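Open the model in your viewer and keep the selection tool at hand. Each stop on this tour says what to select and what is there.

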Amino acid sequence: MVALLTTLGIVVFALGLLLSIAWHELGHLATAKMFGIRCTQYMVGFGKTLWSRKWGDTEYGIKLVPLGGYVRMVGMIPPRKRVEATADAMEGDAVPAKPMSRWRAMIEDAREASYVEMEPGDENRQFYQRAPWKRLIVMAAGPGMNLILAVVLFCIAMMGIGVQQPTNVVGAVQECVVAADSAERDCAEGAEPTPAAQAGLLPGDRIVAIDGQETPTWQAVSSEIRDTIGPATITVERDGERIDLSANLIENRVVARDANGDTILKLDENGDPVLDAQGRAVPETVPAGFLGFEPTSERQSLSLAQTATRMGDMAIGVGEAIITLPSKVPDVFQAAFLGAEREVDSPVGIVGASRIGGEILAQPIPVMDRIAFMVNMLASVNLFLFAFNMLPLLPLDGGHIFGALWEWVRRGWAKLFKRPDPGPFDVAQLMPFAYVVVVCFLCFSLMLLVADIFNPVRLIQ
């Protein structure tokens, strides 16, 4: 049964990733057609075509390697300005006066490939002919679709399904005082009992007030306890009755929490979370009032403001992950080819992400917890796809967006000073750099694939 659930999780998450890619490309396709640009292909994946059908001007299909997708538009690269013409030269083309360098040959090969699928009637349906703001919309629409999907999925997970949050109901009473940052979790002989145990607090008690201050939520309970050191009256509901318990709260090292009640993690000198021997993040601790019990948790829906705050934090985390991605390459290489231990926060590819999805689906936890994790994970992937594709590098969408913005500025500058229109930005000049980016991306993807197959990240140790 575990193997079946694991396989089902892998398949479901992989399909979710493919749908995310298709949704991304749909943004490019829809806006391009809206602005009258002819699109010859809409493909999910790369390599050999597994299935395709042609409707209207566009061939729709699925390819073998699910590492992305593309929409092929006519005239993505503008023609080279004429420097010398012959009778049979195509309009806008140039006859080179001397042999081209390898760099120039790469540029012209890319330019030529952009016009291979040109047909009669396409003269005014080319990408480069559209105004910069239209091209910007076309290229930003793909990442924008990923952002929209991420927001929708996060809202479903946080506002619809809800998140596990501690309540003001006692789940377990700790027998003795142990600091939160202590490696020893068991009670030693003669250890001091906790204030909760001495006061007679029992599992199932609902803490409704502390020293007369109402505590309807866990945040209120936690805040009152942390701010109190010394004698206090703990009012609980037990078997339908309110009971006052006398406790003497002490100062202890407890887990640090932010204004939203979320755990603050301990960071190393590089700003990365400190991990324990099991690969779990170590929380930061602070001195505060201590009672000594564990609250129960239940799934609660977040408000729109709480959801927005959490999504903002996740967006910052994704940005930091992209910035630190190059520094992770040596660790991934060692994990893939040298047998080094794979870190829990190591980057993963489509195979690794799908394996994690299968691993979670097979866990003996409530179904809603598994569904929530899968939805959150798919939302996080879409948020990453949005941020990564917005990088100003060709062939990423951000590279074309940068070109459109630069052309917009350049034309505006020329118009302001009454200079001749400089014409469209020649994105072909950046194609050699694009080839370097593609090679780096392919090498990193293959390295991730090897690591994900032979040395995968495992969230469940």
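**Before you select anything**

This is a predicted model, in which local features need pLDDT of at least 70, side-chain atom pairs count only at pLDDT 80 or more, and totals for chains, interfaces and linings use all residues. Residues are numbered from 1 along each chain as its sequence is written, and side-chain values use heavy atoms, with hydrogens and water left out.

**Stop 1: the whole protein**

Show the C-alpha atoms: along the principal axes they fill a box of roughly 100 × 50 × 45 Å. The radius of gyration is 29 Å, while a compact globule of 461 residues would have one near 23 Å. (This radius is taken over C-alpha atoms, and the globule rule is 2.2 Å times the number of residues to the power 0.38.)

Switch to a cartoon view to find 10 helices and nine strands. Both are DSSP runs numbered from the N terminus: helices are H or I with at least four residues, strands are E with at least two.

**Stop 2: colour by confidence**

Colour by pLDDT, the predictor's confidence in each residue, from 0 to 100. The protein averages 86, and 92% of the residues score at least 70. Confidence is highest in helix α3 (residues 132-161), at a mean of 96, and lowest in helix α2 (residues 102-113), at 75. Now select residues 82-95, where the pLDDT is below 50; beyond near neighbours in sequence, this stretch has 16 contacts in the model. Contact means heavy atoms within 4.5 Å. Where pLDDT is low, the predicted coordinates should not be read in detail.

**Stop 3**

Two packed helices are described by the angle between their axes and the distance between the axes. Axes are lines fitted to C-alpha atoms, for helices over the stretch in contact, and angles run from 0 to 180 degrees between N-to-C directions.

Select α3 and helix α6 (residues 304-337), whose axes come within 10 Å and cross at roughly 125°. The two are therefore oblique to each other. (Angles under 35 degrees count as roughly parallel, over 145 as roughly antiparallel, 65 to 115 as roughly perpendicular and the rest as oblique.) Show side chains for the contact: Val151, Phe154, Cys155, Met158 and Met159 of α3, with Leu304, Thr307, Arg310, Met311 and Met314 of α6. By class these are eight nonpolar, one polar and one charged. Ala, Val, Leu, Ile, Met, Phe, Trp, Tyr, Cys and Pro count as nonpolar, Asp, Glu, Lys and Arg as charged, and the others, Gly among them, as polar.

**Stop 3**

**Stop 4: α7 with α8**

Select helix α7 (residues 350-361) and helix α8 (residues 367-389), which pack at about 165° with axes 9 Å apart. That makes α7 roughly antiparallel to α8. Ala353, Ile356, Gly357, Ile360 and Leu361 in α7 meet Arg370, Phe373, Met374 and Met377 in α8.

**Stop 5: two loop residues**

Which residue lies in the loop between α8 and α9? Select Pro395 there; the peptide bond from Leu394 to Pro395 is cis, with omega near 5°.

Last, select Asp211 in the loop between β4 (206-210) and β5 (213-214). Its phi is near 50°, a positive value in a residue other than glycine.
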